[in-house]
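Visitor: Could you walk me through this one, starting with how the chains and domains meet and then going on to the helices?
Guide: Gladly; here it is.

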Amino acid sequence: MKWRVISIELSEPLAELPACAGYEGVRVVFFQNGVPLGHCRLAAAQLPASPQHLANQASNAIALAVGDYLLEEGFRSALPGVPEPQPESPGRALRSLVRLKNPVQELAHRLSAQVESTVTVSIAVCTRERPEALARCLASLAKLSEPAVEVLVIDNAPQSGRTREVVELFPGVRYVCEPQKGLSTARNTALALASGAVVAFVDDDAVVHPKWLGRIRRCFSDSNVMVATGLVLPAELETQAQMIFEESFHFFHQGYRYRRFDAKYFSATRNKGVPVWEIGAGANMAVRRTVYELGHRFDTRLGPGVFGGCGEDSEFWYGILAAGWSCVYEPSACVFHYHRRELNDLRRLVYQYMQGHVAALLLQFAKYRDFGNLRRLLLRLPAEYAVLVLRLIVTGFALDQRILLRGALGCLAGLRFAFRKPQQA
Amino acid sequence: MWNKVRERYYIAYVEIKQPLEAVVAPDGYTGVAVVLRFLGRPVGFFMQGGAGIAADELATAIFRHAGKQILSEKVYADLRGSLDTSPFPPLDIAICTHGRPDALARCLRSLDAIGLPCDGIRVLVIDNAPRDQQTASAVKEFPRVHYLVEPKPGLDFARNRAISEATGELLAFLDDDVVVDPCWLEGLREAWAANPDAGAFTGPILPLELETTSQVVFERMGGFGKSFERVRFANVLPESPTYPVGAGVFGAGANMVFRRLALDQLGGFDDALDTGAPLPGGGDLDIFYRIVRAGYPLVREPKLLVYHQHRREYGRLRHQMWTWGLGTMAYINKSWRHDAAHRPEIRRWVWWWLCYQLSKLFAPFLRRNRAHWPWDMVVAEVAGAIVGLCGEYDRSIARVERVRREAA
C-alpha cells in the first residue's frame, strides 16, 4: 500500500509521467504558480501516463478550484452543514463562464499579481520530543520566500535537551521552554511571547510550502479575520496507515477552494452544532494576536497532552465565531504533513481524536450553552456510528472502517470529560 | 403502482454559447428534457417537470448541471494544446439488426448525414435471422452500405460475424434503434488521437424521444449512462473496491467502438450472452469487463454521442428491467467462473448491488432529491437478477449449443 506523492506544476508543459517501481501508483497534486488546485490518483497500471492523459485527469481535478479563483460568481465551495451557495445572478455567472478564455494561463496571470500585505507574522512550532521531525520542519521554514518576524520553538514539557540542541543548529530561531504539559498551554505561551501581529502555527511533523507565509499573511488584510487555516497535504504515503489516514478519513483535507466562516455562518448552523472541526486543521493555522489580548485562550483542559488528541483548536475557533469574528480557510497556504506510519498509532490517533472531539463538544456546550453541541453529541454521532456499522457489514469489515469504529470507544472515553475535576491552573 | 400519471417530456437542445431563451414545451407535454452543448460539445443533460423553463431559471440549471463540465473542457483544451486528429485508422461501423427496418433506416440516415460511409469507413448491416426481406430492402436505399445476413439468432452471433467481416483497425457497434449525433465521428477521432493505445471507446446515450411514460420513467431512473466527463479507464481504479465488475459505468452496447485486434485477442463476444429472448443482455458488460481486465484502456468520450429510442410501452420496460437484472447476473456468473483472481471484487459488487437495489426501494422515504425508482421496476430487476444468479448462464449455454447444432 505504498503510493508515491508527486507535485505537478501546470505552468510548465506537461510531460509524460513515468512508471514508478515499488509503488502501487502515484498521487498527483496539481499546482499553478505554487497554488494547489486539485489532486488525482493514478494506479501503477495506468502508468506511464501520457501528457494527454494527464491533461484530462488534471482538467477534471482542478476545474472547481479554477472556477473559484477566476470567476466572480459560482464555483464557491460549499460550507459544511449549510446548502451549497448558488450564484446570485446565474445569467451573469454563466456569461462570464462562457466568455472565459484560456483559464490556465489566465489563472497564472492572476496568481502572479496578487496583493501584498503588511501584517507582521511570527511563526510558532510547538513540539515535544520529536527532534528529527522538528529539524525537518525548521529547515523548511528557513526556505520561506518571505521571512517571518521571528520563529519560536515552544518545547513542551521536555524530557531531554534534544529539542534545544536541534534549535541551536538554526540561527535566528528562538527556543522557549514551556514546562506545563499540554499543546494548549504551549500555544498560549506562543501567543503571549510572539511579537508579530499574527502567530502562524505549524506542527513539528509538517514541512511548509515556500510561499506559505505570504499566503497566510494575506488572509489577515481583512480586519474581521482572526483565524486562518490552510491546506494540509500528505508529505508521503509510504504505509497503509498513512494511506488510510489521507484517503479514507479526510481528517485534514478541506478541499482546494477558499472558505469563509463568519458570524452569519455561526448562527445558521448553531442549532445543529457548528461543525467547527471542518474549518481546518490545527497543524496549519494562524491566529491574530488581538484575540489573545482580548482574553481568548486555547482551553488548557483540552488538547494533546491533557485530554484527547485534538479539540483545543476547534474549540478556540468556536469561541472566535461566537464572538462575531471570522475564520478563513485558505488552501493556497499549504503545508505537507507526515502522517503516522504505523497502524497502531493510527488506531490510537482515531481514538484520541474522537475523545477530544467529544470533550470539545461538551466544553462548547458548557461555555456557550448552545444545545446544538449536545444535539451533535447525542443524535448525530450515534447515527453516524450506526451508519458506520452498516457500512462495515457492506464492505466486509474493511480495515479503514474497523479503525474508524474504534473512534466510538474514543467518544465514550471523551464523555469522561464531563466528570473531570476542575484543574488548578 | 403509483406511477399511472401519463408523462411526456419535450426534448430541447440548447447551445450555451448562444443567448439563452426560455424553453417552452408545446401543448400536451408534462415536462422538458434539455440537452446542453457548448460549442457543439455535449456537456450536460437534465429533466424537469412543468411546461417550460424561463431563461433565468435555465441559466441556473445550466450552471448546476454543466458548469463544471464547461470549465473542465476549457481547462482541458488549455492544458492539452492542439490535437492532431488527421491520422485516423480504417473504421467499420457494424449495425446488428433484427426486424426493425424503419429504425434501421433512421440510423443509416443519421450516418449518411455525417457523410458515412466514406473512404476508409465502411458501414455493415448484419441482419440477424431475418424472417422477411424488409431489412434487405431498407438497406438497398443506401447503396454504399454493406448488407450481410447472420442466420444464427442471437445478437452476439451477429456481432461476432461483424468481427469476422471487418477489415478496419477500429470496429464500432451501434444498435439499430439509435441515431448518431453529428459530432459522433469527430468525437471518435479526438478520442483516438488522444488515446492511440485504447482498446475500446464508449460514449453517452441520450433519449431520442420521451413521448411515453415508459420512456420518461426509464430516463429518470438513469437510463443509459450519460456522464459527460471524459474518462480513461484502466485495469484498476484506486478508489473503488469493486472495480471493474460494475461494468455499467463504461457504457452500453448501443454505442461502443473497439480496436479490432483486442476483440480478436479476446475471442470476440460471448455468444451465450445477448442471445435475444430469453437472455437479451450482458454481452456488452462482459466485453467491457474483459477488455479492461486484459489491460486495455477504455475511454469514455462525451462527444461520442448517440440518441436511443427507449421502449415505448410500460410493460416492455418492466420486462427490460427484468432482462437487465438477468443479463447482469449471467455476466457476473460467467466472470465468477472465468476470472478466479477477481472473485473478491465480484462478491463485493454483488453484495453492493443488492444493497443498492434495496436503497432504491427505500429512497422515497430516506432522502429527498434522489432519482425516483418505481418499485415495480426495482422488483423486476431484482427478480431477474435472482433468476440470473440461479444458473441462467448455463441454461443459455445449452440453448446456444442447440442453435449452433441446428445451424450446422
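Guide: What follows goes through chain contacts, domains, helix pairs and a loop residue.

Visitor: Before that, what should I keep in mind about the model and the numbering?
Guide: This is a predicted model, in which local features need pLDDT of at least 70 and side-chain atom pairs count only at pLDDT 80 or more, while totals for chains, interfaces and linings use all residues. Residues are numbered from 1 along each chain as its sequence is written, and chains are lettered from A and ligands numbered from 1 in the order in which they are written.

Visitor: OK, how many residues of chain A are in contact with chain B?
Guide: 36 residues of chain A are in contact with 31 residues of chain B, where two residues are in contact if their C-beta atoms, placed from the backbone, lie within 7 Å.

Visitor: And which elements of chain A give two or more residues to that side?
Guide: They are strand E3 (35-43), H1, helix H2 (90-99) and H3 of chain A, with helices (H or I, at least four residues) and strands (E, at least two) being DSSP runs numbered from the N terminus. The largest share, twelve residues, comes from H1(A).

Visitor: How does that side divide by class?
Guide: The side of chain A that touches chain B divides into 20 nonpolar, 15 polar and one charged; here Ala, Val, Leu, Ile, Met, Phe, Trp, Tyr, Cys and Pro count as nonpolar, Asp, Glu, Lys and Arg as charged, and the others, Gly among them, as polar.

Visitor: Switching to domains, what does the assignment give for chain A?
Guide: Chain A has domain 1 (3-112) and domain 2 (121-344), with bounds that come from an automatic or database domain assignment. The C-alpha centres of these two domains of chain A lie 26 Å apart, and 17 residues of domain 1 of chain A are in contact with 24 residues of domain 2 of chain A.

Visitor: Which element gives the most to the domain 1 side there?
Guide: On the side of domain 1 of chain A that touches domain 2 of chain A, E3(A) gives the most, with four residues. By class, that side of domain 1 of chain A has eleven nonpolar, four polar and two charged residues.

Visitor: And the domains of chain B?
Guide: Chain B is assigned domain 1 (9-80), domain 2 (91-311) and domain 3 (319-407). The centres of domain 2 of chain B and domain 3 of chain B, taken over C-alpha atoms, are separated by 21 Å, and 26 residues of domain 2 of chain B are in contact with 30 residues of domain 3 of chain B. Helix H6 (213-220) and helix H8 (283-293) of chain B are the elements that give two or more residues to the domain 2 side, and H8(B) gives the most, with four residues.

Visitor: Back to chain A, how do H1 and H3 cross?
Guide: The axes of helix H1 (residues 51-70) of chain A and helix H3 (residues 103-112) of chain A come within 10 Å and cross at roughly 50 degrees; axes are lines fitted to C-alpha atoms, for helices over the stretch in contact, and angles run from 0 to 180 degrees between N-to-C directions. H1(A) and H3(A) are therefore oblique to each other, since angles under 35 degrees count as roughly parallel, over 145 as roughly antiparallel, 65 to 115 as roughly perpendicular and the rest as oblique.

Visitor: Which residues meet there?
Guide: A:Val66, A:Tyr69 and A:Leu70 in H1(A) meet A:Pro103, A:Glu106, A:Leu107 and A:Arg110 in H3(A). By class, this contact of H1(A) with H3(A) has five nonpolar, no polar and two charged residues.

Visitor: What about H11 and H12 of chain A?
Guide: The axes of helix H11 (residues 312-322) of chain A and helix H12 (residues 343-368) of chain A come within 10 Å and cross at roughly 30 degrees, and that makes H11(A) roughly parallel to H12(A). A:Ser314, A:Glu315, A:Tyr318 and A:Ala322 of H11(A) make the contact with A:Ala360, A:Leu363, A:Gln364 and A:Tyr368 of H12(A).

Visitor: Is helix H5 of chain B mostly covered or mostly open, and what do its buried residues pack against?
Guide: Helix H5 (residues 184-194) of chain B is mostly covered, with eight of its eleven residues buried; a residue is buried if 20 or more other C-beta atoms lie within 10 Å of its own, exposed if 12 or fewer, and partly exposed in between. Among the buried residues of H5(B) are B:Trp184 and B:Trp192. The buried residues of H5(B) pack against H1 of chain A, together with strands of chain B including E10 (178-180) and E11 (200-202).

Visitor: Last one: is A:Asn271 buried or exposed?
Guide: A:Asn271 counts as exposed, because it has 11 C-beta neighbours inside 10 Å, and A:Asn271 is found in the loop between helix H9 (263-269) and strand E11 (284-288) of chain A.
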